[in-house]
Amino acid sequence: MAKPTKNAPLICTIMTAIALVGILIGVIAKSPIVILLAMAPSVGYEAYRTEGESTRWASWAMVGVLVLEFILLVFNIGFDVASFLGASSDTVAGYDVPLGDIRIVGPALMAVLSLILIVRTRGKFTRWLAANILVSVLAMTYVIDPNIFQQLLRQGIEEGVDSMG
């Protein structure tokens, strides 16, 4: 059964405002945790709203990645995934995910999951939330590692250009 949409515009607007304030404060303070906490309500509401089989797994996977990322950031756990696996990137759902510090893998996975939700869902509110999350994880990536951010941005632009042509 479809989730009610009566209050969804207001809820999504509030989620957007929270995410934007979190991004602003997080970028200024250079704190990825602030950005992560500010996008958590969008991730939670996304998991509640999604109903399709592929979108449901994507949104719940995002919840799991968010929790793991929070633990990594709070306890300052980091190691180089690229050297551990012997590769600089890995493919997830057809998207190249750059590998490096383990703390960057979470936002990269969440970006991919957000793109999956944007592409596969029919619900405008689910897309809206996925866009909130995508912008938030890009900002979080920038705060954690600006070089990886540039790689993801370049890849996103290339994917966008490829999908148009």
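A residue is called buried when its relative accessible area is under 20%, exposed when over 50%, and partly exposed in between (1.4 Å probe, protein chains only). The model is a predicted one: local features need a pLDDT of at least 70, side-chain atom pairs count only at pLDDT 80 or more, and totals for chains, interfaces and linings use all residues. Residues are numbered from 1 along each chain as its sequence is written, and side-chain values use heavy atoms, with hydrogens and water left out.

The chain averages 85, and 82% of the residues score at least 70. Among the elements, α1 has the highest mean pLDDT at 96, while strand β1 (residues 89-92) has the lowest at 54.

As for the layout, the chain holds seven helices and two strands; helices (H or I, at least four residues) and strands (E, at least two) are DSSP runs, numbered from the N terminus. Read from the N terminus, the order is α-α-α-α-β-β-α-α-α. Of the 165 residues, 42% count as buried. Contacts (heavy atoms within 4.5 Å) also say something about the fold: of those between residues at least 6 apart in sequence, 63% join residues at least 24 apart.

L37, V67, L68, F70, I71, V74, F75 and I77 make a nonpolar surface patch of about 720 Å². Patches are made of residues with over 30% relative accessible area and no salt bridge, joining like charges within 9 Å and nonpolar side chains (Val, Leu, Ile, Met, Phe, Trp, Tyr) within 5 Å. A salt bridge, in turn, is a side-chain nitrogen of Lys or Arg within 4 Å of a carboxyl oxygen of Asp or Glu. Helix α3 gives the largest share of the nonpolar patch, with five residues.

Two loop residues deserve a look too. Most residues other than glycine have a negative phi. K30, however, has a positive phi, near 55°, and lies in the loop between α1 (8-29) and α2 (32-49). N76 also has a positive phi, near 50°, in the loop between α3 (53-74) and α4 (81-85). K30 is exposed at 66% relative accessible area, and N76 is exposed at 55%.

Methods:
pLDDT is the predictor's confidence in each residue, from 0 to 100. Accessible areas come from the Shrake-Rupley method with a 1.4 Å probe; for residues, only the protein chains shown count as cover.
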